[in-house]
Each structure stands twice: as C-alpha cells, then as structure tokens.
Amino acid sequence: MSNNFPDLVKVKEKALEIRANSLKMIHAAKSGHPGGSLSIADILSVLYFGGHLKHNPLDSHDPERDILIISKGHASPAVYSVLALAGFYPIVDTMSFRQLGSKFQGHIDSLKVPGVEMSTGSLGHGLSNALGFALAAKLDKSQRKVFAILSDGELQEGQCWEAFMACAHYKTDNLVAIIDRNRIQLDGCTETTMALDPLEDKLSAFNWETKTINGHDLAELDNALKEAYRVSEETNKPFAIIANTIKGKGVSFMEDAVAWHGVAPSDTDLEKALVELAGSK
Amino acid sequence: MGAAIEPSTEKIATRVAYGKSLVELAKSNQDIVVLDADLSSSTQTKFFAKEFPERFFNMGIAEANMVSTAAGLAKAGKIPFVSSFAMFATGRAWEQVRNSVAHNHANVKICATHAGLTVGEDGASHQIIEDIALMKSIPGMVVIVPADAKETEKVMQAVTAYNGPAYVRLGRSALPVLFDDKYNFQIGKANVINAGEDLTIMACGIMVSAAAEAAKILKEKHNKSIEVINIASIKPLDTETIVNSALKTRNIIVAEEHNIWGGLGDSVASALLENCSEKLSFKRLGVNDSFGQSGKAEDLLIHYGLTAENLVKLSLEMLH
C-alpha cells in the first residue's frame, strides 16, 4: 500500500484541517494542548494520507493494519482530528472533547476511540508499547510496520532509554520512532530544563539508525520514512527520525511559545488562528 | 464445605509450581509469551525460556519497559506473563501496571515471585509487604494469592482463560502441599477448607497452611471448632462466603503475609462492615506496619508472629 508518489498537496490540506480542528476542539473544551498538537500535524498527515500507515476506518482491529502509537497522549486533539479525517468517525463528534461522558478524553484512550491503539498520557510508555507490537509482529512473521511518535520532553523519562536499549537488542527493524523535536516542554526549553542534545549521537550510541529532518517539510518526511524501511531492512536496526518541528506550527502567535503548551485559545485567538491557517492553503 | 485439610509433609514453593505450569500451558497455547527482568532462574521462568526460546523475552533489569512492552504484546493478541520479584514488578513498575496494562485493559498477567517476608536473608529491600495494597487499588485488576503448589496450577489455568489484567502473588519458600487435583479454584470464589462453628480464620498464601494447622491444634487440644477459609482471590472478593461464615461464628481472624494496612484484612473488614449489622469480634494478623529484616524465612515468621501457634493464641484470646 506504500505509495511512491503521494499527493503532497492533499497531505498538506489534511495537515491544515488537523490544525484547525484541533484548535476548535481545544477552544470548545476551554482546555487542552495546542502547541504539541500543531507540531505533529504534518507528521500525522504524511503517515495517514501519504500512504505510509495502513489503516481501515471500517475495522479498527483489521489484522492487516499497521500500528501507530502516540506516546505524547496530550496531543489528543491532533490524533482525534486525523482519525476523523481518515474516516473513523464524523469530525463533528470531536467537539465533545474533554466533556463528561465523551469518548474524546483529555489524553487518548484505546478503549474509547477507534483507531487509538494504546491509551497514553503518562509520558515515557509509548516506545515500550510499540516494542511489544513489534515483537508480536515478528513472532507472527507479519509484515506489519510499527510507528511511534514520541515527544522530545518525554525522553527525559528513563523508561524511554530502557526501551531504546531493548528495541535495538531485539533488532526491531519493523519499528520507526518519530521524535517531535520541538524543543519546548511545559516549563520552557528542553535544553535548559534537562538537556537532550546531542540527541542523534545518543540514539546512534544506543544502536539505532537515525536521520534528522525538517518535520514540517512533507517531502522530507515522506523520504525519511521510505529511507527508514530500506535501511532497517538492510541493517536490522530500529530507525529514529528526529523531526525538527516548531511548537504551535502554523499559527504565528503560538509558534515557539512556551505559554501555548497547555492553554486554550480565546474566541479572538481562535478566529485569528483559523484565518491564518486558511490563508496558508 | 470441604473436609478438614491436613497439610502434607511434601513441600513445594508456589514459584516452582508457576514455572512448571507455564510450560504445560504454553504447549497448547501458542499465544503465551513470557517476559522476565534478569531473574528467570529465581522466578522459574527459565524452564519456559528453555522450552520456548522464541517466546521468551529477557528484558534486562528494566521493569518499567518490561511491563509496558507486555501491554503492547497483549494488545497485539499475545498473552504475556510478566515475572520479576514482587517488589519490582508491583513497586518499581506500579505506574506502568496502572497506565500501560490496567488502563488499556491489556491481557497481561503479572506473576511475581519472592513476595513477603519469606524472601528471607535478602532483607527488607526485597521483602514487599505492600503489593496486595498496590495491586488491589488499581481499577479492574484481579489479585490472586495461591496457598500451595496445586492451587498455583489451578490459578494459572484460570488466569490464562481470563481475558484481562491479573496479579498473581508467588513466594520463594517451599510450602506444604494442601490440595489435590480435585481442588477447584475460581476467580472471585473463596474456599471453606475446614468447616467450624466457633471462630473463622480467613487467610491467603502461606498463612492458609498455618491456619489449617491452628484449627487442628485448637480442635485437638482445646476442643474448639474452627472454620478455615482460603481467600486466594483477594479481588474480586467472595463477600458472600465471608459474610456467611462471619454470621455463623461471630469471631473472625484474618491472617496474611502482608502489612496489616491495605491487605486482605482490610478488604474483609470492609466487606463485613458493609454487609453485617451484627456485633462481631475481628482481628487482623499480618506485619504490623514495619519493614522486614534479614533472617531465615521460618525464623522471620516466628519473629513477626505469622505462625500457627500465634493463631492458636489469638483465637483463644478471642474466644475467652
């Protein structure tokens, strides 16, 4: 199902829709995490609409599907939006986000939302979960691919490094980790909070194949994923894409702003943001 | 009501029964996989590792990753059994058991060994007496404490058939064999193993054989009729059996190799308060809110009062 020439115009449009809907959800809920949702919108769009992630909105448990684990469960607005755009449920449903009784919980819930493979939100779990799926696929001699989107801040959790070690040990060449390197966490810059650099060297030292790219360049994302499949098959190593991103990407006043990690836009903010997003089509 | 149980002179550790059961079950169930954290010789998963190397994952000394990996394997359709010492599986990795396993209702079985004081010489750092509290407080978690090797076998069959997260508490030391093949274990059911009229001893794990012995001594030397209930299924709890026995004898002692705070005793006390308006005498016997220490398992049990003799003494005090 991998598409050699994905329609990047469509991927770009979908990424903008993910951004707009995420902000509408957070605005309606009056709470949520805009910054980290906007930074992964392009990554999600390339995976779902660029032909990389096999998915089936009619059967979310389709054994033929690939697996995507979102370890940064607070980026739930972006996840709920991309799944709606992929056809798992009507997008209007997502407006109940964070309300009592809604399936669209503050952090993603695998038991409530079709297409969400693992409930996450407590940082540091997702790569381990992905390793479990990757080991199962190998036991089953399945060609299934496993993707994990990690935040950069969460790499401060020791469990991530246990998982990096274990993925390389078990030669999970069917697993691609995409790190949303937006360099901002709740308290400020990752490098002043608890430095992660030199991140690529650390991952190489943990026996991973690595590639650093611009996480908002759709062609670079598409090429990096294709490179990951090819290289992992040759070297039997897991592959990490360090996607340099901008927190709040696409809305000028949210970009690179620590304040927009977990704050809802006001009516005026939303209006301005939607105009900006519509203008960048 | 079962006939009086006589502890056998044959002794087997529950962890040994676990290791053997795992191999037997895995022969007919291809979905079973096992994860261990560098303790397979101690937890006895080494037998599984030898028989089914492709289905065994040594995750190194990294329990958090082990538990979350198991959750992923479960969501992919496997039945992972996760083993380490109970201290680390339930303590170190509690948050992973809660969020990766239980919150996803992942079909993971946490089968942890070396629980309680009877770890012995390793001392307090390894003698977890808080694990029942840690596990039973997680929503939807099944918590089982088998009393002997035979019950462990039956528990293993039951948790394999059950689709959902479960914790099985296993021990290091050899225990008297109490039950035979006819013994029936069901999740959520307690077993009356000795019918009596004067006082009920409710117990789990190693304290079940102590309770059976205490009942025998009380019958033979003091002419007291003691009911003994094996409550292997801590959660879900068999409230009906517990309440019926309490209404009959009015005198209840709960015995466990665990801190008295947060263990079986607290669960039984809550069940009785919510369901009985009658006046009852009630006593918890466990570790009285202190850490353990190094020593031989049997010496530690005497030091902390977790013995048949102490149960006899407490029963006579309650009946006077």
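The expected span of a helix is taken as 1.5 Å times one less than its number of residues. Helices (H or I, at least four residues) and strands (E, at least two) are DSSP runs, numbered from the N terminus. The model is predicted, with local features needing pLDDT of at least 70, side-chain atom pairs counting only at pLDDT 80 or more, and totals for chains, interfaces and linings using all residues. Residues are numbered from 1 along each chain as its sequence is written.

At its start, a side-chain oxygen of A:D217 comes to within 3.1 Å of the backbone nitrogen of A:A219. Just beyond the helix, A:N236 has a positive phi of about 60°. Its buried residues (under 20% relative accessible area, 1.4 Å probe, protein chains only) include A:L218, A:L221, A:L225, A:Y229 and A:V231. The buried residues pack against helix 1 (8-29), helix 3 (41-49) and strands 2 (146-151), 3 (175-181), 6 (209-214) and 7 (239-244) of chain A.

Attention now turns to helix 4 of chain B. Its 13 residues, 63-75, should span 18 Å at 1.5 Å a residue, and the end C-alpha atoms are 19 Å apart, which agrees. The helix is mostly covered, with twelve of its 13 residues buried; among them are B:E63, B:N65, B:M66 and B:L73. After the helix comes B:G77, with a positive phi near 105°.

The two chains also meet each other. In contact (heavy atoms within 4.5 Å) are 26 residues of chain B and 22 residues of chain A. About 1,900 Å² is buried between chain B and chain A, 58% of it from carbon and sulfur atoms; buried area is the accessible area (1.4 Å probe) that two parts lose on being put together, summed over both. In chain B, the most area is lost to chain A by B:N65, B:K75 and B:N104, together 24% of what that side buries.

One salt bridge (a side-chain nitrogen of Lys or Arg within 4 Å of a carboxyl oxygen of Asp or Glu) is counted between the chains. It joins A:D140 to B:K78, with the closest N and O atoms 2.5 Å apart. Strand 3 (56-58), helix 4 and helix 6 (94-102) of chain B each supply at least two residues of the side touching chain A. Helix 4 of chain B gives the most to that side, with nine residues.

Methods
Chains lettered and ligands numbered in written order. Heavy atoms only, no water. Buried < 20%, exposed > 50% of the residue type's maximum accessible area, 1.4 Å probe, protein only. Polar contact = N/O pair within 3.5 Å; in protein donor to acceptor, adjacent residues only side chain to side chain.
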